[in-house]
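Dear colleague,

Please find below the structure that I am handing over to you, with its sequence. My notes on what was found follow directly after it.

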Amino acid sequence: MKIITYNVNGIRSAINKNWLAWLQATDADVVCLQEIKATPDVIADLGLIDDLGYQHFWFPAEKKGYSGTAIFSKILPNHVEYGCGIPDFDREGRCIRVDFDEVSVMSAYFPSGSSGDERQIFKYRFLDEFGKYLTLLKVEHPKLVICGDYNICHRAIDIHNPKSNANSSGFLPEEREWMENFIESGFVDTFRHVNKEPHNYTWWSFRSGARGKNLGWRIDYAMASKELEGNIKRAAILPEAKHSDHCPVLLELEF
């Protein structure tokens with residue numbers, strides 16, 4: 001099963017950058033999207049997604065042009081779960097999950113705290129409450145992949161300048177500690193499972209030519225429950241895809 005997660009920073013914008021041709025070429029079984037910033041009714045090329053063989057499930061935010069998640073799948077899921085049952089997070093379309101026979105796959109978009117204290121407080125609340133939700137979910141669905149934009153760099157290796165970003169949202173000690181505890185609770189950072197090298201990032205600022213200089217942050221992950229560790233066939237970051245300020249992350253599982 002080939003799974004891709006991608007924060008597209010607006011799916012209409014990505015489609016205008018030839019994203020559908022890229023999607024066809026990747027031939028992924030499951031595609032987890034974040035920050036779709038749209039409802040399906042405004043996507044002019046919706047039929048083309050059908051033509052590629054994908055069933056598509058959307059969980060947009062109530063606020064138009066903001067946040068939202070979606071999952072495209074070539075495999076018919078047994079069940080689709082929209083949201084996590086926490087109203088403040090579900091209003092922002094923060095997560096959607098599909099359940100298959102062998103595995104459950106979630107697309108999650110963690111809040112950013114970079115716009116100020118109010119959103120950072122909201123982010124901490126999300127980490128606390130959503131973290132508890134995931135702990136319970138893992139009991140119900142032991143073979144679980146949580147894909148998405150976590151808006152957190154886990155370790156110094158995951159950010160281009162850890163010293164100057166020590167007080168930046170996304171690399172704060174409390175956020176990094178949450179990530180550490182989350183992994184310790186029974187998850188595998190699948191990219192780091194196969195690649196320990198530095199300078200591997202998934203997001204770059206639009207400022208100062210950061211992407212061309214590879215001055216980035218690794219904040220997008222495909223986290224798999226420990227029960228799936230033996231099923232990991234391949235994990236990679238795909239920086240050549242340039243439809244967004246993020247790039248996709250790939251996970252292949254073998255059953």
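In strand S6 (residues 95-99), Arg-97 is the bridge partner of Glu-81. Strand S5 (residues 79-82) and S6 pair in the antiparallel sense, over 4 bridges; two strands count as paired if DSSP finds at least two bridges between them. Helices (H or I, at least four residues) and strands (E, at least two) are DSSP runs, numbered from the N terminus.

The model is a predicted one, in which local features need pLDDT of at least 70 and side-chain atom pairs count only at pLDDT 80 or more, while totals for chains, interfaces and linings use all residues. Residues are numbered from 1 along each chain as its sequence is written, and side-chain values use heavy atoms, with hydrogens and water left out.

S6 is largely enclosed by the rest of the structure, because 5 of its 5 residues are buried. Here, buried means under 20% relative accessible area, exposed means over 50%, and partly exposed lies in between (1.4 Å probe, protein chains only). In a regular strand, side chains alternate between the two faces of the sheet. In S6, Cys-95, Arg-97 and Asp-99 point one way, whereas Ile-96 and Val-98 point the other way. Asp-99 and Arg-97 also meet through their side chains in a salt bridge (2.8 Å, N to O), and both are buried. A salt bridge is a side-chain nitrogen of Lys or Arg within 4 Å of a carboxyl oxygen of Asp or Glu.

On S6 there is also an antiparallel pairing with strand S7 (residues 104-109), joined by 5 bridges. Asp-99 stands opposite Ser-104 in S7. The two strands, S6 and S7, form a hairpin with 4 residues between them. Glu-102 lies in this loop and is partly exposed, with a relative accessible area of 39%. Which residues does Glu-102 touch, not counting residues up to four places away in sequence? They are Lys-143 and Phe-255, where contact means heavy atoms within 4.5 Å. Glu-102 and Leu-228 are 126 residues apart in sequence, yet their C-alpha atoms are 9.7 Å apart in space.

Strand S8

S7 also runs parallel to S8, and 6 bridges join them. Within this pairing, Ser-107 has Cys-147 in S8 as its bridge partner. Strand S8 is largely enclosed by the rest of the structure, because 6 of its 6 residues are buried. Leu-144, Ile-146 and Gly-148 point one way from S8, and Val-145, Cys-147 and Asp-149 the other way.

Nonpolar cores

A nonpolar core is a set of buried Ala, Val, Leu, Ile, Met, Phe, Trp, Tyr and Cys residues joined through side-chain atoms within 4.5 Å. The largest has 30 residues, of which Val-30, Val-103, Val-105 and Val-145 touch the most other members. Among the elements that give two or more residues to this core are strand S2 (30-34), S6 and strand S8 (144-149). Apart from this core lies another, of 26 residues, including Ile-11, Ile-49, Trp-58 and Ala-236.

Salt bridges and rings

How many salt bridges does a search of the whole structure find? The search finds 17. One of the pairs is Arg-119 with Glu-92, whose side chains meet at 3.0 Å, N to O. Arg-119 lies in helix H5 (residues 117-140) and Glu-92 in the loop between helix H4 (87-90) and S6, so the pair ties together parts that are 27 residues apart in sequence. Glu-92 is buried, with a relative accessible area of 12%.

In another salt bridge, the closest N and O atoms of Lys-132 and Asp-128 are 3.6 Å apart. Lys-132 and Asp-128 are 4 residues apart in helix H5, and are therefore separated by about one helical turn. Lys-132 is exposed, at 54% relative accessible area, while Asp-128 is partly exposed, at 41%. Asp-88, Arg-91, Arg-125 and Glu-129 are linked in a network of salt bridges.

The charged end of Arg-119 sits over the ring of Phe-122, 4.2 Å from its centre. Arg-94 lies over the face of Tyr-109, at 4.6 Å from the ring centre. Such a charge is counted if NZ of Lys or CZ of Arg is within 6 Å of the ring centre and within 35 degrees of the ring normal.

Yours sincerely
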